[in-house]
Amino acid sequence: MTSEGRFPGFQTQADPVPMLRTPVISFDLTRRQRELPESDPSWDTTGGAADQEAVTPTLVRPPTLVETDVDASLDLDESGDDLLEDARANIAEGNYALAAAQLEEFLDTCPDHPEARYLLAYCHYCLGGAGQMEALRILRPLRDEPLDGALRASVDELRSELRRVLTPAELHAFAAAERSDPRAAAGRIRAYIELAPEEPAPPYLLAESLARMGELEQALSVAESGAQETEGDRSALRAFARELRLRVMRPLVAEAVAALRHGGYARARRSLRSLDPRWRETDVLRDFDAFLTRLLNSRHDVNRPLPAPRVPEERAEDLYSLIAEDDGRQAAELLGDGQLAAAEQRLARALHLVPRFAWLNFLYAYSLYLQGHEPDRAVAAAEIAVRDPSLTQASDLLQAVREMREALAINPLVAEYVEALEAVRGEITSEQIGTLEERLKRLRTRLARLRQQSLSRRGAEVLDQLAVAIDRQLAAVADATAVRDLYDRYDALMRPHQSGLRTLSDATVLAQGLNALATTAGATRRRLTGPEAAKPLDALVKHVSRRLEEIKKVRASLEVGALVQRFNRAAERQQTLHAGQRDALHDLLRNAPDALDDLLRNAPDALQNLYSPHEVSQEFAEIARTAQRLKQTVKGRREQQLLRQMLQAIDRFQR
């Protein structure tokens, strides 16, 4: 039985370890999310007539509650004063048409009378229809005129109510007209903005329409004015004005940006200073100039990435947009066309100039994600992008690239684990098992380093499964190696005796070695971690047990043979003392087996020493005792026969 350098019973069956999946995401890059924000969804531009009817006037403060003293400087005759009093009375009674006629007649004489103008607007408001727009027109100058407290409150309340009623209809009319005649629609909404400058929706929609028509500077003027005049939340208008301003300025600073790209910082500054003061004095161009000055003073190496500008984050974003927004647009087009590598290269060059630009980092991370490489760079870029709240999908991208990084780090380990096991098939050699053990240990080291990183719950679970699988396989390798070593030890013990055991000493030494091997095999059996290695080890133990039984038989035969030789030597000595017993000895020898005859033929021709009869007698007695003992243990028929004959001969000699 031999292992022949192989690993009996060892099997490589990979424990199932799943691979991580990279999430599939896609983004619409046809337009940048933060550029030209969409209008507030609460600005309903889709309503029709039914919607307009739903906006019903609510009764504002009755004019009778407004106590307004007629300006003492007004020179009113008795009839004028009567007209105003009559109008007040008619309003109180709900006769708004009559009151309106009286107020118009009164205003022909006193056109600037504030209360009369307010009361006339109130009458138009109550009469409804087209008169409500006229009411707003009448009240528009009063918005900016100084009025006493009560009248100011009434004017403001009525204007607020009129805007609430009229604005939805105007927005709807604008949206309907813009589809067919955008310029006419712009003229109408511009007129309404003059009457109701507090409303944020009309200037936003007008600026948006002008931008679509390519009239960016007009759109910017409308957005900037609206951001100053409107009431309530102006954030959308301000953001829109900010983006429009950058759009208008990009062509103006193109020469300066080109100089910056090539390290011509002084030339870039000169180009900025040549611009109209209207643009030169904006925050973004002042920041640009300061940035260029810093690069000049520090003698910045053009081959190194540019440092971050020392300005607040939002202003830095504007400066970055001014410099590299076009790079982002062109990269987005390349991504849309599937030219991923070209997009990555363009973005990498642009990020050399604007390394903290959120939008370009978003695109760069997305390009790397689509190509499935450079996961660390993709995560770093996405972490920058997610800082811009306007990039609403940046958090999804960051999650995706983090999962991609985990997959690219963990999946190769799983694949290498499976590949290492698949490389060991059939009759496994020592070289194969050594290579497998080395690969598994390297994998375990890499896995330990990876576990030190921040991992998702799923990533940690896969690594745990892989670690358990690797440890189990290494334990199996250790088991197989231990069993193989025992097989090799058995082979080493048996190799010198392939032609059989020749001496009693050989049998003793071999039996001792096999007993020690059996003891070691029992201890190894208790340490095994799996059943695969136990089967060949049990087979080896059984084989060793059989060998030991065989050695017992061989040993007994060798002991009998050695005793026969001892007997022959004693018999030869006896011949010198009892020549008369020679015939009896010859009878014994003639009846002995051939092996015994050979031994006698090889005996010395003459004894070198002479022994006394007493010594020879003692020798025969010792031989007899040994023969009696062997008869109790020796099982072989031939050996038993020899022992009987020997004892009979000794008995005759001693008689």
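Guide: One term before we start: buried means under 20% relative accessible area, exposed means over 50%, and partly exposed is in between (1.4 Å probe, protein chains only). This is a predicted model, where local features need pLDDT of at least 70 and side-chain atom pairs count only at pLDDT 80 or more, while totals for chains, interfaces and linings use all residues. Residues are numbered from 1 along each chain as its sequence is written, and side-chain values use heavy atoms, with hydrogens and water left out.

Visitor: Thanks! So Val-418, is that buried, partly exposed or exposed?

Guide: Val-418 is partly exposed, because its relative accessible area is 28%. Its place is in helix α19 (helices are DSSP runs of H or I with at least four residues, strands are E runs of at least two, and both are numbered from the N terminus).

Visitor: And how far apart are the C-alpha atoms of Val-418 and Val-17?

Guide: Their C-alpha atoms are separated by 9.0 Å, although Val-418 and Val-17 are 401 residues apart along the chain.

Visitor: Next, α18. Which of its residues are buried?

Guide: Helix α18 covers residues 375–385, and its buried residues are Pro-375, Ala-378, Val-379, Ala-381, Ala-382, Ile-384 and Ala-385.

Visitor: What covers them?

Guide: The cover includes α17 (358–371) and α19 (394–422), going by contact, meaning heavy atoms within 4.5 Å.

Visitor: Which residues make the contact?

Guide: From α14 there are Val-284, Leu-285, Asp-287, Phe-288 and Phe-291, and from α15 there are Arg-315, Asp-318, Leu-319, Leu-322 and Ile-323. By type, the residues of this contact divide into 7 nonpolar, no polar and 3 charged. Here Ala, Val, Leu, Ile, Met, Phe, Trp, Tyr, Cys and Pro count as nonpolar, Asp, Glu, Lys and Arg as charged, and the others, Gly among them, as polar.

Visitor: Switching to electrostatics: how many salt bridges does the structure hold?

Guide: There are 46 salt bridges in the structure, each being a side-chain nitrogen of Lys or Arg within 4 Å of a carboxyl oxygen of Asp or Glu.

Visitor: What does Arg-242 pair with?

Guide: Arg-242 forms a salt bridge with Asp-318, and the closest N and O atoms are 2.5 Å apart. Arg-242 lies in helix α10 (residues 235–252) and Asp-318 in helix α15 (residues 313–336), so this pair ties together parts that are 76 residues apart in sequence. Both Arg-242 and Asp-318 are buried.

Visitor: And Arg-152, where is its place?

Guide: Its place is in helix α6 (residues 149–180), and Arg-152 counts as buried at 18% relative accessibility. Arg-152 forms a salt bridge with Asp-156, with the closest N and O atoms 3.2 Å apart. These two are 4 residues apart in helix α6, so they are separated by about one helical turn. Asp-156 counts as partly exposed at 37% relative accessibility.

Visitor: Which backbone oxygen does the side chain of Arg-152 reach at 3.0 Å?

Guide: That one belongs to Leu-142.

Visitor: What else does Arg-152 touch?

Guide: Not counting residues up to four places away in sequence, Arg-152 touches Leu-142, Arg-143, Glu-145 and Leu-147. Arg-143 in turn forms a salt bridge with Asp-144, with the closest N and O atoms 3.1 Å apart. Asp-144 counts as exposed at 52% relative accessibility, whereas Arg-143 counts as partly exposed at 22%.

Notes
Polar contact = N/O pair within 3.5 Å; in protein donor to acceptor, adjacent residues only side chain to side chain.
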